[in-house]
Amino acid sequence: MSESENTNLKTQYAARVTADLEQNTAEQQRIRADIEALQAQLTNLEQDHALLQSMSEALGDTAPPKKSAMPAPRRANKTSAAAPKKADRKTTTARAPKAGTPAKETKGAKDTKAAKDTEAGKAGSGAKSDTGPAMTTLVFEYLTQQSEPRTNAEITKALTDTQKNRKVNGNAVRTASETLVARSKAERTKQGSTVFYSAITHDRAEEPARELAEAAA
């Protein structure tokens, strides 16, 4: 093989390798773009799922409870089956109370009842710290004072700063906001992956009718 043929062959191989590299790089970029698009769709679906779940909890779950499967009865053990009938009669007679005689409370039952009474007392005394307007009322009042839509995080922070004696968390605020949306007292808008809430006041509800009247005039 002459030197010119060898050089020509190397040039052909180099051109083919370069083309393969460019094709491989383009394919990688295409796959990465597809992955990013699918990831963005998955993120939006997860956020929509969280919002729908909050709305379902706010409106009340009406689905019937699932019935649990009953376990199969166990077979009687041979040892228990061979127990004397007289012992069973004595045990039954000893446990059965006489007719017309009230059953006495055991020590364990008394302790359990006392513990329940104590917990009920604590719950009643501690409920005062959570008294006040409902969360939906607080969220609606806050949104009516805002000139721009607010995110769930902004609403939570504002209520946490103003409601010092009340526990405020993001889930409760989101549920209250979605409840207002379901009652047509608030509007939910979405910019990208961020959700905003704004109050629907009486004046805003009358704006479409006012615009129609002005257009007709």
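A nonpolar core is a set of buried Ala, Val, Leu, Ile, Met, Phe, Trp, Tyr and Cys residues joined through side-chain atoms within 4.5 Å. Buried means under 20% relative accessible area, with a 1.4 Å probe and protein chains only. The model you have open is predicted, so local features need pLDDT of at least 70 and side-chain atom pairs count only at pLDDT 80 or more, while totals for chains, interfaces and linings use all residues. Residues are numbered from 1 along each chain as its sequence is written, and side-chain values use heavy atoms, leaving out hydrogens and water.

**Stop 1: the core.** Select M135, V139, L143, I155, L159, V173 and Y197, the residues with the most contacts inside the largest nonpolar core, which has 18 residues. Helix 5 (135-144), helix 6 (152-162), helix 7 (170-182) and strand 3 (194-199) each give two or more residues to this core. Helices (H or I, at least four residues) and strands (E, at least two) are DSSP runs, numbered from the N terminus. Helix 5 supplies the largest share, five residues.

**Stop 2: helix 5.** Now colour M135, T136, L138, V139, Y142 and L143, which are buried in helix 5. They sit on the same side of helix 5 because they cover an arc of only 165° around the axis, taken from the directions from the helix axis to the C-beta atoms. Next, pick L143: apart from neighbours within four places in sequence, L143 is in contact with R150, I155, A186, Y197, S198 and A199. Contact means heavy atoms within 4.5 Å.

**Stop 3: helix 7.** At the N-terminal end of helix 7, find N169, which caps the helix with a side-chain oxygen 3.2 Å from the backbone nitrogen of N171. Within helix 7, V173, A176, S177, E178, T179, L180 and V181 are buried. Among the elements that cover these buried residues are helix 1 (3-59), helix 5 and helix 6. Just after helix 7, look for S184, with a positive phi of about 60°.

Stop 4: Two strands pair if DSSP finds at least two bridges between them. Strand 3 runs antiparallel to strand 1, joined by two bridges, and antiparallel to strand 2, joined by six. Select F196 in strand 3: T151 stands opposite F196, and T189 also stands opposite F196. Finish at G192, in the turn of the hairpin formed by strand 2 and strand 3, where the phi is positive, about 70°.

Technical notes. Buried < 20%, exposed > 50% of the residue type's maximum accessible area, 1.4 Å probe, protein only. Polar contact = N/O pair within 3.5 Å; in protein donor to acceptor, adjacent residues only side chain to side chain.
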